[in-house]
Amino acid sequence: MAAPSTKVERGRVQRLDLPLLLQRWGTLVIFILIVIGASLQSPAFLTYRNIANLLQQTSGVGIMSVGMLFVILTRGIDLSVGSVSALGSVVSALLIGQFSPAATVPMVMLSGAVCGLVAGVMIAYLRLPSFVITLAVMTMARGTAFILSGGQPIMLDDSGAALSNFANGYVFGVPQPVILMFSVFIIGGIVLNFTKFGRLVKAIGSNPEAVRLSGIAVPRYVLAVYVISGALAALAGIISTGRAGVGSATVGVGAELQVIAAVVIGGASLMGGRGGVFNALLGALVLGIIGNVMNLASVPGYSQQVFMGVIIMIAVVIQQGAQIFRR
């Protein structure tokens, strides 16, 4: 007779476990509340043109957030993504006039991957702090972008038309950069949830020592996530160049903070081992919606930064607070 009673009690405990519910569904709840609030604030929010514009503007941060999620899952951080995207923007503008777009994109992503490789070697094999190393790479990548561009914007000529057409084009009414962003999220989700690599990345974040003792080459996987993050940051830089029609070393200033915020709002633990691609997408969209609504409401730029910081803080407190209460 005792077993059914215990089962019922367990059932009641699970139903009343508010921190668990917030941990699992907090990001979705925040996203829905933000959408409702935005709809009430501005009738223009739910128009097709505005939604398409919002998604297009979010595509860069969204793509970079996939790479950042993999890094954070291993208990790391990558502060270089904004600068690597600037390097990708400049390199793409320089190469697009000499090579075809099909050859330019891999080469630009390779430049970002090299940045990730440098950081990854230092972090994975020399066991140096990711915060400091990626901060150094951030400075080097931005400096390299300024050197290559001579400190001047590089305008795309006719040879860059294909890049501009892609970044500003539509397929069945959907902006092509948005399709690319969702493709990156889908691939990232498959890799994270259905491959040995993804499972080990999560396991390394949860307990790296246990993974090492089981015979897994942990540094190799840690190195790989920084290479992925760098390559995706460079890809975001290509999109920026295509949209603006110009490669610039000033692209992505402060983007690393937005990307980290998107992943954390998405419920990823900065202690590693926990996080999902879908929630990271929601986190990126939450940030995009907040910025979009403030633009529709004509909130001054400096005030936008204050409001953005406050809202991000509230969202992170809700998400991370649920984890703290669970312990």
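**Helices side by side**

Helices H8 and H13 run roughly antiparallel to each other, because angles over 145 degrees count as roughly antiparallel and the angle in this predicted model is about 150°. Two packed helices are described by the angle between their axes and the distance between those axes. For H8 (residues 176-194) and H13 (residues 277-296), that distance is 9 Å.

Which residues make the contact between H8 and H13? On the H8 side you will find Met-181, Phe-182, Phe-185, Gly-188, Gly-189 and Leu-192, while H13 brings Val-277, Ala-280 and Leu-281. Sorted by class, seven residues of this contact are nonpolar, two are polar and none is charged.

Now move to helix H5, which covers residues 101-124. Its 24 residues reach 33 Å from the first C-alpha to the last, close to the 34 Å expected at 1.5 Å a residue. Look along H5 for its buried residues, among them Thr-104, Val-108, Gly-112, Cys-115, Ala-119 and Ile-123. What covers the buried residues of H5? The cover includes helices H4 (81-95), H6 (130-149) and H11 (218-244).

Finally, let's turn to the aromatic rings, where the structure holds two pairs. In one of them, the ring centres of Phe-70 and Phe-197 lie 6.3 Å apart and the planes meet at 25°, so this pair is stacked. The two partners come from distant parts of the chain, 127 residues apart: Phe-70 sits in helix H3 (residues 48-73) and Phe-197 in helix H9 (residues 196-206). Are Phe-70 and Phe-197 buried or exposed? Both are buried. Together with Tyr-221, Phe-70 and Phe-197 form one aromatic cluster.

Terms used. Residues are numbered from 1 along each chain as its sequence is written. This is a predicted model: local features need pLDDT of at least 70, side-chain atom pairs count only at pLDDT 80 or more; totals for chains, interfaces and linings use all residues. Side-chain values use heavy atoms; hydrogens and water are left out. Axes are lines fitted to C-alpha atoms, for helices over the stretch in contact, and angles run from 0 to 180 degrees between N-to-C directions. Helices (H or I, at least four residues) and strands (E, at least two) are DSSP runs, numbered from the N terminus. Angles under 35 degrees count as roughly parallel, over 145 as roughly antiparallel, 65 to 115 as roughly perpendicular and the rest as oblique. Contact means heavy atoms within 4.5 Å. Ala, Val, Leu, Ile, Met, Phe, Trp, Tyr, Cys and Pro count as nonpolar, Asp, Glu, Lys and Arg as charged, and the others, Gly among them, as polar. The expected span of a helix is 1.5 Å times one less than its number of residues. Buried means under 20% relative accessible area, exposed over 50%, partly exposed in between (1.4 Å probe, protein chains only). Rings of Phe, Tyr and Trp (its six-membered ring) pair if their centres lie within 6.5 Å; planes under 30 degrees apart count as stacked, over 60 as edge-to-face and the rest as tilted.
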